[in-house]
Amino acid sequence: MSRYFQEEIECMPFEKIKALQDELLPKQVRYVWDNVPYYRKKMEAHGVTPDDVKSTADLYKLPFMSKADLRDAYPYGLLAVPLKDCVRIQSTSGTTGKRVVAFYTQEDIDLWEDCTARAIVAAGGTADDVCQVSYGYGLFTGGPGLDGGSHKVGCLTIPTSSGNTERQIMFIMDLQATILCCTPSYAAYIGETLKEMGYKPEDIPLKAGIFGAEAWSEEMRRDIEKTLGIKAYDIYGLTEISGPGVSFECSEQRGMHINEDHFLAEIIDPKTGEVLPEGTQGELVFTALDKKAFPLIRYRTRDICTLTREKCSCGRTHIRMTKPKGRSDDMLKIRGVNVFPSQIETVLMNKGYAANYQIIVGRVNNTDTFEVKVEMTPDMFTDNVGEMQARRKVLEDGLRSMLGIKAKVTLVAPKTITRSEGKAVRVIDNRKI
Ligand code: DLL
């Protein structure tokens, strides 16, 4: 068994996990208070000092951090070590222009790569595997994160980065890649291209995929698994907290285990900030328990999911999070109704379409317009008007029953919606509000 199945940590009894977190949290709060004046001011304004935090039971007393804090403190305001101790930055585009820049010491990078190594091992990876990393390399954490984990597991790593799909396929086939790491939308595109090139699932050497960085539905998972002849594992993470590997799926494929020796998770009501009991859906909040350079406490992710500590047959005891439905800031409010792109994806895929769609929202005479552009698969494509109308109606009915509001469906010819090599852009919101 690989040394990156860290059984003594990953399968710790709950009481031990709790004891570890109870020990780490007060230390980390004191560390941040001592080293990050921005956070110290925030705590003072909130009327709390490190003396008030004796265990995880006191977590609720601490103020939240959000993207707004990262923007205010940009670029160095949240750094807890001298810049000379940092060895790397990673970055992600912020929603309002300013980028989020996260800093890492070598220790932070080791911690992060341990997490992605655990994810690769949970997907069945060993030193015998050939792991193709088709997430973008560079400022995005996907490429560097999985690359580091793949090295730690001892896989032969193919650092293709994203893009140039024909070259991706050449390496998969010529070097007999067994594990593919990329966004689910790019995996679907690679699968579609392989199929067009005449490859059947049994011709493709891949056995597993580690796909994340964006919301994807169970239906999309099944579709990718079928096309590539693999088992597809979800992986979650965010730059602010380290990158991919904050949580990952095991062979059960029923939620992602959060690496609780490093990250403490809570679910809160996004409106009131109230901490919600296990099993309730809400916004995921993370505290990094032992990061050095960029140690965030109670960071609001905006991701909506639920947590469960139900026993997992893989033996891991770390708490599991459900697939995030999408970010609360990706959620569309259309005619007053909350709509997640992933709900639309579920309807389309259940009706036999691939995940090639676009959601276009606008506003005419103070009323929201809502159109879903859906690409037909080549075998559906026809110029028979009656058949097209019937197809459209099936989708419109399905969307209405899923969402409770009417959408206009436009069917478009195969290959007319731009494919994504990284995170897919599914929503075009033309409302200027
Ligand atoms: O996307 C890190 C990552 C890279 C995760 C590769 C997995 C694989 P950011 O660019 O900072 O980091 O974006 C983080 O992406 O808050 C979620 O909204 C979304 N996200 C990440 N993983 C998943 C997932 C990387 N498995 C933001 N399912 C997060 C749904 C995900 N959403």
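Picture a 1 Å grid laid over the protein atoms alone: a cavity is a set of points where a 1.4 Å probe fits but cannot get out, while a pocket is an open set with protein on both sides within 12 Å along at least five of seven lines, and lining residues have an atom within 4 Å of a point. Rolling a probe the size of a water molecule over the atoms shows where empty space is left. Before we go looking, note that this is a predicted model, where local features need pLDDT of at least 70 and side-chain atom pairs count only at pLDDT 80 or more, although totals for chains, interfaces and linings use all residues. Residues are numbered from 1 along each chain as its sequence is written, and side-chain values use heavy atoms, with hydrogens and water left out.

Searching the whole structure turns up two cavities of 30 Å³ or more; a volume here is the space filled by probe spheres set on the points, which are joined across faces, edges and corners.

Now for the open spaces. The largest pocket has a volume of about 1400 Å³. Of its 49 lining residues, Ala-213, Glu-214, Arg-327, Asp-330 and Lys-423 are the closest to its centre. By class, this lining has 19 nonpolar, 14 polar and 16 charged residues. Strand β7 gives the most to it, five residues (helices, H or I with at least four residues, and strands, E with at least two, are DSSP runs numbered from the N terminus).

So what takes up the largest pocket? The ligand does (a molecule sits in a cavity or pocket if more than half of its atoms lie within 2 Å of its grid points). Around the ligand are 21 residues, the closest being Asp-234, Ile-235, Thr-239, Asp-303 and Arg-327 (a residue is near a molecule if one of its heavy atoms lies within 4 Å of it). Strand β7, residues 231-238, supplies the largest share of this shell, five residues. The shell divides into nine nonpolar, six polar and six charged residues.

Zoom in on the polar contacts (pairs of N or O atoms within 3.5 Å). A polar side-chain atom of Asp-303 lies 2.6 Å from an oxygen atom of the ligand. Ile-235 brings a backbone N or O atom to 2.7 Å from a ligand nitrogen, and a polar backbone atom of Glu-214 is 3.2 Å from a nitrogen atom of the ligand. Of the 600 Å² of accessible area that the ligand has on its own, the protein covers 96% (areas come from the Shrake-Rupley method with a 1.4 Å probe).

Finally, the second largest pocket has a volume of about 930 Å³. Its lining counts 42 residues, with Glu-192, Asp-223, Ala-354, Asn-356 and Thr-377 nearest its centre. Helix α8 (184-196) is among the elements that each supply at least two residues, and α8 gives the most, nine.

Definitions and conventions: A polar contact is a pair of N or O atoms within 3.5 Å; within protein, one must be able to donate a hydrogen and the other to accept it, and residues adjacent in sequence count only if both atoms are side-chain atoms. Ala, Val, Leu, Ile, Met, Phe, Trp, Tyr, Cys and Pro count as nonpolar, Asp, Glu, Lys and Arg as charged, and the others, Gly among them, as polar.
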